[in-house]
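Morning, everyone. Please look at the sequence and the model on the screen while I talk.

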Amino acid sequence: MYECKAGFNVWRALKSLNDFFDEKIKPVAQKHGLTVMQLKLLCTVKSMDRATIGSVAEHTGIAAANASAMCKKLSELGYLIRKRMAEDDRVVCLELTSNGDIAAEEAGERIDGTYKDDVLRSFWEKLSIEMSSRLEKSDIK
């Protein structure tokens, strides 16, 4: 029977890391009346030069239809502006409003602050060492 301990452990570690960051930004999301996923979407838009629904969906790992519905809701809440491109009206470009920018900035500050967290730094170092070790072993075979 095939054992997938190494892959499963990496997957579990990455999920734990994702959950850790979700908990860090959850207070910001709640403050603004948003879900954590909505806040992640705003942060993604903020980090991109030219955000479209498709590119944001790809970067956040959600289906384009879900991203579209989420963007519509964020627009209704006053966090996001959706604009159809003149050249191709199938493409919807996204811009943050001042409220969206404030929420994304606050989340970014919370995330940046975690890098000062010794527990996270230790976790990341252990994960990096483990992944490097496993990659070196797999290169030998």
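One definition to begin. Buried means under 20% relative accessible area, exposed means over 50%, and partly exposed is in between, using a 1.4 Å probe and protein chains only.

Now the ground rules. This is a predicted model, where local features need pLDDT of at least 70, side-chain atom pairs count only at pLDDT 80 or more, and totals for chains, interfaces and linings use all residues. Residues are numbered from 1 along each chain as its sequence is written, and side-chain values use heavy atoms, with hydrogens and water left out.

Start with the overall layout. The protein chain has six helices and two strands. Helices here are DSSP runs of H or I with at least four residues, strands are runs of E with at least two, and both are numbered from the N terminus. Along the sequence the pattern reads α-α-α-α-β-β-α-α. Of the 141 residues in the protein chain, 32% are buried.

Next, salt bridges. The term needs a side-chain nitrogen of Lys or Arg within 4 Å of a carboxyl oxygen of Asp or Glu. How many salt bridges does the structure hold? Seven.

Take Asp 88 and Arg 90. Their side chains meet in a salt bridge, at 2.8 Å from N to O. Asp 88 is partly exposed, with a relative accessible area of 22%. Arg 90 counts as exposed, at 69% relative accessibility. There is also a network: salt bridges that share partners join Lys 46, Asp 101 and Glu 105.

Now Lys 15 and Asp 19. This salt bridge is 2.9 Å, N to O. Why are Lys 15 and Asp 19 separated by about one helical turn? Because they are four residues apart in helix 1, residues 5-31. Lys 15 is partly exposed at 41% relative accessible area. Asp 19 is partly exposed as well, at 32%.

Then the strands. Lys 83 forms a salt bridge with Glu 95, and their closest N and O atoms are 3.2 Å apart. Lys 83 sits in strand 1, residues 80-84, and Glu 95 in strand 2, residues 92-96, so the pair ties together parts that are 12 residues apart in sequence. Lys 83 is partly exposed, at 42% relative accessibility. Glu 95 is partly exposed, at 37%.

On to the helices. Helix 5 covers residues 98-114, which is 17 residues. From first C-alpha to last, helix 5 reaches 25 Å, close to the 24 Å expected at 1.5 Å a residue. That expected span is 1.5 Å times one less than the number of residues.

Which residues of helix 5 are buried? Gly 100, Ala 103, Ala 104, Glu 106, Ala 107 and Thr 114. They cover an arc of only 155° around the axis, which puts them on the same side of helix 5. The arc is taken from the directions from the helix axis to the C-beta atoms. Ser 98 and Glu 109 are exposed on the other side of helix 5.

Helix 2 has 12 residues and reaches 16 Å between its first and last C-alpha, close to the 16 Å expected. Its buried residues are Val 36, Gln 38, Leu 39, Leu 41, Leu 42, Thr 44 and Val 45. Gln 38 and Lys 73 are 35 residues apart in sequence, and 9.1 Å apart in space, C-alpha to C-alpha. Lys 73 lies in helix 4, residues 64-76. Lys 73 counts as partly exposed, at 39% relative accessibility.

Last item, the largest pocket. On a 1 Å grid over the protein atoms alone, a pocket is an open set of points with protein on both sides within 12 Å along at least five of seven lines, and lining residues have an atom within 4 Å of a point. The largest pocket holds about 290 Å³ of space. Volume is the space filled by probe spheres set on the points, which are joined across faces, edges and corners. Residues lining the largest pocket include Phe 21, Met 37, His 59 and Ile 111. Helix 1, helix 2 (36-47) and helix 3 (53-60) are the elements that give two or more residues to the lining.

Notes. On a 1 Å grid over the protein atoms alone, a cavity is a set of points where a 1.4 Å probe fits but cannot get out, and a pocket is an open set with protein on both sides within 12 Å along at least five of seven lines; lining residues have an atom within 4 Å of a point.
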